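Thank you for sending this model; my comments are set out as numbered points below the structure.

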Amino acid sequence: MKQQRLLSMLESVQIVLLLIFIFSSCNGQTKDEKQLTETETGRHAVVSDAPSDYRDPLFFIEGQLCQHLRKIFQDRKGNLWLGTNVYDLMLYNQDTLAYITEKEGFSGGRVTGIAEDTMGNLWFATGFGLNKYDGESFTVFTEKEGLLNSEIWSLLIDRKGLIWIGTNEGLCYYDGHHFTTVEIPKAPVKEVDAVYSPDRITGIAEDQEGNLWFGTDGYGICKYDGENFTNFTEENGLCNNTIYEIMADSRGNLWIGTFWGGVSKYDGEKFINFTKDGEISGEEVSGFFEDKNGDIWFAAENNGVYRYNGKSFTNFYQEAGLVTNGILSIYRDRENRFWFGGWGGLFRFDGQTFLSVSKNGPWEK
């Protein structure tokens with residue numbers, strides 16, 4: 001009965017959720033919404049529970065860590081980093097859960113990307129700038145330091161070590177010393193259906209040949225081979241021009257999640273549109289992840305999570321105990337723990353059932 005009530009709540013607030021993701025979440029949050037009750041232990045702030053002085057109206061699972069979890073990442077030391085929408089950044093260091101905010105030097109704002117460079121520095125893309133964490137302190141880069149725009153939507157460190165940053169006003173990269181803006185040509189789209197900004201770069205991926213791919217807000221995807229740009233849109237077979245997220249897999253395919261057309265796979269020659277072909281349901285697709293078996297996982301809003309084994313899709317949703325209709329991030333760590341984050345917080349998946357994760361876990365196996 002409790003689960004039925006939760007599912008009923010999910011259905012009744014879908015419109016509100018969409019507005020929050022597209023508009024409120026887009027702008028990050030105000031500084032006043034992020035004051036946390038904490039005690040200092042070492043250089044991180046450890047809290048006894050999720051912050052209590054601010055509650056999103058969609059914070060519906062008792063004991064959850066946050067109401068929107070956007071990114072999950074494990075660093076080379078085994079620490080888990082969790083990027084949220086309102087509660088900044090969380091760190092689970094295999095022993096303690098910490099909420100990291102402006103008091104620790106973090107810029108604040110929703111976290112839209114996490115990456116680690118070859119030196120072990122961690123980089124966080126946020127709505128208030130680019131953060132570098134060297135293990136001791138944070139350095140924040142904004143327009144004052146040459147960043148094109150502080151509202152960041154995508155982040156990637158390429159094989160050469162360049163840090164590519166997709167912002168609300170376009171694309172730039174950081175070489176460790178300077179930021180350089182890169183002008184991406186817009187495809188000749190007849191009707192641009194941008195969610196937030198026609199200049200926004202929504203996703204960045206690097207394929208096996210070193211080509212960079214960029215997702216845009218209304219102009220499809222763009223390939224950059226280091227010299228030339230090539231645009232791909234619905235005219236070329238893409239399922240939709242408004243891109244949510246992209247990922248290059250180990251087989252040389254590019255996976256494209258869109259806002260209005262579901263998911264496409266590009267094999268270098270043609271697009272396969274799984275949603276339009278009726279193999280999956282759901283128009284808004286994100287959270288791509290490739291596991292060690294080469295299976296591709298992604299989420300489709302209001303339709304749960306899909307796994308693709310190269311031949312067919314398996315769907316996991318309400319029957320498997322998933323009580324949210326909005327998963328944004330999927331990650332399997334080196335300990336083989338399977339994490340899912342999104343609207344409603346953090347969830348674990350044991351292969352059959354999803355469990356909500358509170359401060360007390362389940363963290364370990």
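This is a predicted model: local features need pLDDT of at least 70, side-chain atom pairs count only at pLDDT 80 or more; totals for chains, interfaces and linings use all residues.

1. Residues are numbered from 1 along each chain as its sequence is written, and side-chain values use heavy atoms, with hydrogens and water left out.

2. Four strands form an open antiparallel sheet in the order β7-β8-β9-β10 (strands being DSSP runs of E, at least two residues, numbered from the N terminus, and paired if DSSP finds at least two bridges between them). Because β7 (111–116) and β10 (138–141) stand at the edges with a single partner strand each, one side of each is left without a neighbour in the sheet. The twist averages 20° from one strand to the next, with axes being lines fitted to C-alpha atoms and angles running from 0 to 180 degrees between N-to-C directions. Five bridges join β7 to β8 (residues 122–126) in the antiparallel sense, and I114 stands opposite F124 in β8.

3. An open sheet of four strands with antiparallel pairing has the order β23-β24-β25-β26. Its edges are β23 (285–290) and β26 (313–316), each with a single partner strand, so one side of each lacks a neighbour in the sheet. β23 runs antiparallel to β24 (residues 296–300), joined by four bridges, and E290 has I296 in β24 as its bridge partner.

4. The structure holds zero disulfides (pairs of cysteine sulfur atoms within 2.5 Å). C66 counts as buried at 1% relative accessibility, and C222 is buried with a relative accessible area of 0%, where buried means under 20% relative accessible area with a 1.4 Å probe and protein chains only.

Definitions and conventions:
Buried means under 20% relative accessible area, exposed over 50%, partly exposed in between (1.4 Å probe, protein chains only).
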